[in-house]
Amino acid sequence: MDANLFVAKGINVSCRTINGTSCILFEDKKEVVSLNETASIIWEMINGATKVGDLIQESINNFDGDRIFIEKSVISFLEELSTEGAIVFSLEKFEGVMKNV
Amino acid sequence: MFSEIKIRDITDLAKCLIVPVSVLVEVCYTCNEKCVHCCLDNHNQRGMSLKQYEMLFDQMVTAGTFFVILTGGEPFTRKDFMDIVRAARKRRLSVTIFTNGTLLSEKDISDIAKLFVQDVHVSIYSTNEKVHDSITQIPGSFRKSISAIRAMVKEGINVRIKCPLMLANANDISNLVKMAESLGAKMQFATTITARNDGDISTHKLQMSDRQLVKAIKHSAVSENISVSVRDKDDGNSVPCDTILNGGAIDPRGNVFPCNQWRICGGNVLHDNFGKIWKESEVFTAFRQIRLRNLVKCQTCEIFNYCTRCPGLALLEDNDICGCSASAKKVAEARMITGTLPTQRHIFSKI
């Protein structure tokens with residue numbers, strides 16, 4: 001995964017953090033998932049202005065554990081989110097999810 | 001790192017934490033229709049400014065709101081209504097819109113689809129154009145609403161047709177179900193015509209006859225057939241309605257209520273933070289103490305298991321938040337006759 005890509009939450013998702021747990025609703029699929037504590041923290045960092053590399057670095061700074069393991073975990077999580085359509089990548093900073101609407 | 005859950009899990013969590021997870025926002029009371037049964041007592045309020053709604057949505061996000069229902073009046077009488085929708089979606093609120101559909105432009109429909117609005121609910125009162133238009137009191141309204149439904153379904157938008165049943169349309173249930181199917185929309189009926197927000201019960205004369213009500217309740221499209229009651233009369237600790245714990249409603253002036261039928265104001269978002277009002281309002285705190293054990297008449301009522309009593313309506317129509325709701329009782333009696341248990345889990349639910 002290219003560390004220089006900006007990452008944003010997809011236009012199709014609604015989300016809210018309740019009591020530290022992030023819940024994501026896929027509006028197109030009508031499915032809801034909840035994230036565990038670590039995933040919730042990463043999810044909150046995804047704002048369209050943060051690069052993949054920044055997310056990895058922030059996670060390394062925030063979480064205890066082996067550097068390589070954390071990096072692999074973040075990438076795996078981002079890939080999973082991307083597969084589900086919950087995030088999108090771009091070479092440019094996202095101005096906002098509703099940019100073209 | 002993630003696991004599948006149900007929306008019900010979120011609303012239950014919110015109930016325990018007193019988080020206003022699902023909030024109804026009335027963005028105006030202005031309307032281009034004049035529905036005979038409308039619960040609004042005036043159609044003058046134009047709503048807060050876009051900037052004020054943006055601020056409100058920020059406060060709602062902080063308070064934990066996930067779902068927002070945007071309604072009116074007719075919300076599309078506001079020229080900036082789609083900007084309000086956009087502001088809500090930008091904050092990742094899951095949006096449902098209640099509308100009559102008659103004012104939607106092609107661009108509005110396209111934007112609703114692009115913004116992934118969860119659902120659009122459109123009021124249709126009959127399959128008969130004349131009956132529908134006589135209820136809205138606007139000739140041509142049926143055709144416009146149906147045309148909007150077709151266009152939205154074509155765009156992939158989830159449309160739900162909503163129909164409050166009354167004397168004039170009670171015999172049209174099966175046709176409405178077929179029409180909704182043919183349009184690619186879901187169908188939802190309501191069996192109660194409520195008083196207006198100021199307590200005026202003149203709308204009650206529009207309610208279905210007892211015979212129509214029994215017939216309607218028997219219809220599978222009106223009442224889901226379940227065999228076990230979802231409520232427990234012996235659980236004195238159950239709450240009369242979840243909405244005081246995980247709901248909320250805001251009128252066009254910014255007044256905050258437990259729900260749009262429970263018209264006791266806890267504060268105003270133009271003067272105070274929404275989350276603070278929700279958590280700290282003295283009147284809401286007092287309402288949260290009410291339990292089934294405080295509803296003396298309900299505890300000894302033979303038709304308790306069939307009743308979908310709304311505390312707001314009990315207060316509005318019968319002047320007693322802990323007393324019997326005549327509207328609910330009428331429906332419960334029809335349910336008992338037909339042996340049809342209600343499915344509404346937010347009423348008399350466990351805490």
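**Reading a two-chain predicted model**

Q: Is D83(B) buried, exposed or partly exposed?
A: D83(B) has a relative accessible area of 34%. Buried means under 20% and exposed over 50%, so D83(B) is partly exposed. Keep in mind that this is a predicted model.

Q: Which residue forms a salt bridge with D83(B), and how far apart are the closest N and O atoms?
A: The partner is R86(B), with the closest N and O atoms 2.7 Å apart. Both residues belong to helix α3 (residues 81-90) of chain B, where three residues, about one turn of the helix, separate them. At 17% relative accessibility, R86(B) counts as buried.

Q: Which residues are linked with D83(B) and R86(B) in a network of salt bridges?
A: K107(B) and D111(B) join D83(B) and R86(B) in that network. A search over all chains gives 16 salt bridges for the whole structure.

Q: How do I read a salt bridge in terms of sequence, say the one between D242(B) and K15(B)?
A: Start with the distance, then ask which elements hold the two ends. For D242(B) and K15(B), the closest N and O atoms are 3.6 Å apart. D242(B) sits in the loop between β8 (239-241) and α9 (243-246) of chain B, and K15(B) in helix α1 (residues 7-17) of chain B, so the pair ties together parts that are 227 residues apart in sequence. D242(B) is buried at 4% relative accessibility, and K15(B) is buried at 6%.

Q: Where do K350(B) and D232(B) lie, given that their side chains meet in a salt bridge?
A: Their N to O distance is 3.7 Å. K350(B) is in the segment after β12 (347-349) of chain B, while D232(B) is in the loop between α8 and β8 of chain B, 118 residues apart. K350(B) counts as exposed at 54%, and D232(B) is partly exposed at 34%.

Q: How is the size of an interface often given?
A: The usual figure is the accessible area lost when the parts come together. Between chain A and chain B about 2800 Å² is buried, and carbon and sulfur atoms give 67% of that. Chain A brings 32 residues to the contact and chain B brings 30 residues.

Q: How many salt bridges and polar contacts cross the interface of chain A and chain B?
A: The rule finds zero salt bridges there, while 14 residue pairs are in polar contact. On the side of chain A that touches chain B, β2 (13-18), β3 (21-26), β4 (31-35), α1 (37-45) and α3 (67-84) each supply at least two residues. That side divides into 17 nonpolar, eight polar and seven charged residues.

Q: Which strand of chain B is joined to β4(A)?
A: Strand β1 (residues 2-5) of chain B runs antiparallel to β4(A), with four bridges between them. Here S34(A) stands opposite S3(B).

Q: In what order do the three strands of the open sheet in chain A lie?
A: The order is β5-β1-β6, with antiparallel pairing. β5 (50-51) and β6 (87-90) each have a single partner strand, so one side of each is left without a neighbour in the sheet. Strand β1 (residues 6-9) and β5(A) pair over two bridges, and F6(A) has K51(A) as its bridge partner in β5(A).

Q: What lies around N169(B), a residue of the loop between β6 (159-164) and α7 (173-183) of chain B?
A: N169(B) is buried at 1% relative accessibility. A polar atom of the N169(B) side chain lies 2.7 Å from the backbone nitrogen of M166(B). Not counting residues up to four places away in sequence, N169(B) touches Y125(B), I135(B), C163(B) and P164(B).

Technical notes: Residues numbered from 1 in each chain as written. Chains lettered and ligands numbered in written order. Predicted model: local features only at pLDDT ≥ 70, side-chain atom pairs only at ≥ 80, totals over all residues. Heavy atoms only, no water. Pairing = 2+ DSSP bridges. Contact = heavy atoms within 4.5 Å. Buried area = accessible area lost by both parts, 1.4 Å probe. Salt bridge = Lys/Arg side-chain N within 4 Å of Asp/Glu carboxyl O. Polar contact = N/O pair within 3.5 Å; in protein donor to acceptor, adjacent residues only side chain to side chain. Nonpolar A, V, L, I, M, F, W, Y, C, P; charged D, E, K, R; others polar. Buried < 20%, exposed > 50% of the residue type's maximum accessible area, 1.4 Å probe, protein only.
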